[in-house]
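Reader: Could you walk me through how the helix packing, the pocket and the backbone of this model are described? I would like to see each label set against its definition.

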Amino acid sequence: MKKILIIEDNQDVRENTADILELEGYEVASAENGIIGVERAKELLPDVIVCDIMMPELDGYGVLEALNKNSQTSSIPFIFLTAKTEKIDMRKGMNLGADDYLTKPFTETELLEAIQGRLKRHDFLRREFSRSIEGVSQFIEAASTYLELDHLSRDYKPVKYTTKDLIYMEGDAANTLYFIESGVIKTFKTTEKGKEFVTGLCGPGHFIGQLSLLSDNGTYIESAAVLEDAVLYEIPKLDFTSLIKENNVVANKFMGLLSNNLVDVQELMVNVAYATVRQRTAKALLDIYEQRILINDDDNGISIGREDFAGLIGTATETAIRMLTKFNEEGLISFGVRREIIIKEKKTLEHIVMFG
């Protein structure tokens, strides 16, 4: 049973509001002023707080500020109850973090809809979704319910790709978001001279194509190719844009799920721009190893083509080969039977990344 706390100094309003909510099956507690309300909120940890603004002892703004300072109460949905309708008062409450406003006198329907809306939003925000196709499907199902949308897909089919398959090319119409169930995908941009600059290596649980779907020109801003046999799920652009554009709450939640490797891409760009080739080589080796992407199970070595590795560190293939050879001569790495790269001195590579 959901708990509602009413903080209201007018006894009639307080009792009438409590009666309406109790008849709907809510467990209701009440407080006659702001100071008592803050203490009751900390004690009961209700699911929603309905609070008047103009009260003696401590007004509604003070109540909200006090609850925001407490980690246990700061995320409780908060609805202001007020007879004041000036926009400046509403804006002040929203800036403090209020979720909604009810203006007195309010109807029973308005009250119940406000409570149900806040509970629905809060339940959605608290849910955690795994980075798997099941988690993605569950998210879309929950978002569809939250947004009351019925056109979103709920059942995505796996598509198999083999090594060297091209998933999409830079400049193609961006119509699909891809979720990687298994395998390894490289994303890359091609320079005017035809050389590849690898912008990312993505493995299970990663998405590709999301930045392209958010761009204004409607085309993929990079290419994507398979480095290791993969299974991908294709999510239509309409589903993606509906989740991003319909509602800020859903958009923020979805972007959190999508943001898997966007920070890594940004770090890669900075690394290529400012680090030495030696530092970039060491960092790329460590990143691939720690992400467990392209790892050979037999000897724990990194299986990546020299051209792809050169594209990852933003240098010519010959330069990348020379640097790997030098690392081998220094005893930092060794080469396996199939030329996979085996890391021997992880701490030394970390030191190179930091200090060159």
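Reader: What makes α11 and α13 roughly perpendicular?

Author: In this predicted model, α11 and α13 pack at an angle of about 75°, with their axes 10 Å apart. Axes are lines fitted to C-alpha atoms, for helices over the stretch in contact, and angles run from 0 to 180 degrees between N-to-C directions. Angles under 35 degrees count as roughly parallel, over 145 as roughly antiparallel, 65 to 115 as roughly perpendicular and the rest as oblique. The angle of about 75° therefore makes α11 roughly perpendicular to α13. The helices themselves are DSSP runs (H or I, at least four residues), as strands are (E, at least two), numbered from the N terminus.

Reader: Which residues make that contact?

Author: On α11 they are Val277, Arg278, Thr281, Ala282 and Leu285, and on α13 they are Thr319, Met323, Leu324, Lys326 and Phe327. Contact here means heavy atoms within 4.5 Å. The contact of α11 with α13 divides into six nonpolar, two polar and two charged residues. For these classes, Ala, Val, Leu, Ile, Met, Phe, Trp, Tyr, Cys and Pro count as nonpolar, Asp, Glu, Lys and Arg as charged, and the others, Gly among them, as polar.

A word on the ground rules: residues are numbered from 1 along each chain as its sequence is written, and side-chain values use heavy atoms, with hydrogens and water left out. As the model is predicted, local features need pLDDT of at least 70 and side-chain atom pairs count only at pLDDT 80 or more, while totals for chains, interfaces and linings use all residues.

Reader: Why is α5 called roughly antiparallel to α6?

Author: Helix α5 (residues 108–126) and helix α6 (residues 133–147) pack at an angle of about 165°, with axes 11 Å apart. That angle makes the pair roughly antiparallel. Lys120, Arg121 and Phe124 in α5 meet Phe139, Ala142, Ala143, Thr145 and Tyr146 in α6. By class, this contact of α5 with α6 has five nonpolar, one polar and two charged residues.

Reader: And what makes α2 roughly parallel to α3?

Author: Here α2 (residues 34–44) and α3 (residues 60–68) pack at about 30°, with their axes 9 Å apart. So α2 is roughly parallel to α3. Gly34, Val38 and Ala41 in α2 meet Val63, Ala66 and Leu67 in α3. The contact of α2 with α3 has five nonpolar, one polar and no charged residues.

Reader: What makes the peptide bond from Lys104 to Pro105 cis?

Author: Its omega is near 0°. Pro105 is found in the loop between β5 (100–103) and α5. Another backbone feature is at Arg292, whose phi is near 60°, a positive value in a residue other than glycine. Arg292 is in the loop between α11 (277–291) and β12 (295–296). Both kinds of feature are worth a mention because most residues other than glycine have a negative phi, and most peptide bonds are trans.

Reader: Which element gives the most to the lining of the largest pocket?

Author: That is α12, with five residues. The lining has 27 residues, and Lys186, Glu196, Gly305, Glu307 and Asp308 lie nearest the pocket's centre. By class, the lining has nine nonpolar, nine polar and nine charged residues.

Note on methods
1 Å grid on protein atoms, 1.4 Å probe; cavity = no way out; pocket = protein on both sides within 12 Å on 5 of 7 lines; lining within 4 Å.
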